[in-house]
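Visitor: Walk me through this model, please. I would like each label set against its cut-off.

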Amino acid sequence: MIKHFDENDVRPSIDDIVKQRAATIEGVLFYHSNKNVDFDAIFIGKSSRDVEQEKKSIIEELNLSYSLTLLAAIEATLRVDVQKRIKSKLKDNLSREFQKLGKTHKTLKLSEHIILCRETSDANLKHLYTDLKAAIKYRHWLAHGRYWEFKSKKIDFDSIMATYQQIETQSSVQNKFR
């Protein structure tokens, strides 16, 4: 029997994450520009190339961090949707599949159960769910410290967001609850 959880209201929305990332990157861009009144004091003795490289490195790291946060939020959205489909005893095919799995599993695995069920219910979006599963592997790599070489096509914040948005807008099995 699936273990239910109580929802909380500290879970950031995907829109909030997108806005926070944009604001953070804007802050880094400002900090590394001559519009920053402390620019000369902060970067004394550094070449413009060094400042540009530092800025690029910080933004790359921010994108990795926000990718991890975005993927965690996507997982939360999917898990909340599953739980509410099970609790509400909805009668659509996807909900019934989750209800069936919920009777035999204590926890549903993200890629093996949740995404696979959605992919089966929404076969025309198989390529997008394949991309989402690859992004979940990317999240695993990020969460465990990136100590091995991640071998996959390029995955970044923008590609994750694009995949999620396409699933949200094109799916016939929209999330019932947000």
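Visitor: Where is Lys 89 placed?

Guide: Lys 89 lies in the loop between H3 and H4. Helices here are DSSP runs of H or I with at least four residues, strands are E runs of at least two, and numbering starts at the N terminus. The model is predicted: local features need pLDDT of at least 70, side-chain atom pairs need 80 or more, and totals for chains, interfaces and linings use all residues. Residues are numbered from 1 along each chain as its sequence is written, and side-chain values use heavy atoms, without hydrogens and water.

Visitor: Why is Lys 89 called exposed?

Guide: Its relative accessibility is 58%. Exposed means over 50%, buried under 20%, and partly exposed in between (1.4 Å probe, protein chains only). Lys 89 therefore counts as exposed. Its phi is near 55°, positive in a residue other than glycine.

Visitor: What makes Arg 146 partly exposed?

Guide: Arg 146 has a relative accessible area of 32%, so it is partly exposed. Arg 146 sits in the loop between H6 and H7. Its phi is also positive, about 55°, although it is not a glycine.

Visitor: What makes a set of residues a nonpolar core?

Guide: The members are buried Ala, Val, Leu, Ile, Met, Phe, Trp, Tyr and Cys residues, joined through side-chain atoms within 4.5 Å. The largest such core here has 39 residues. Leu 70, Ile 74, Phe 98, Tyr 138 and Ile 160 touch the most other members. H3 (48-88) is among the helices giving two or more residues, and H3 gives the most, eleven.

Visitor: Which residues is Tyr 138 in contact with, leaving aside neighbours within four places in sequence?

Guide: Contact means heavy atoms within 4.5 Å. Tyr 138 is in contact with Leu 64, Ser 67, Leu 71, Phe 150, Ile 155 and Ile 160.
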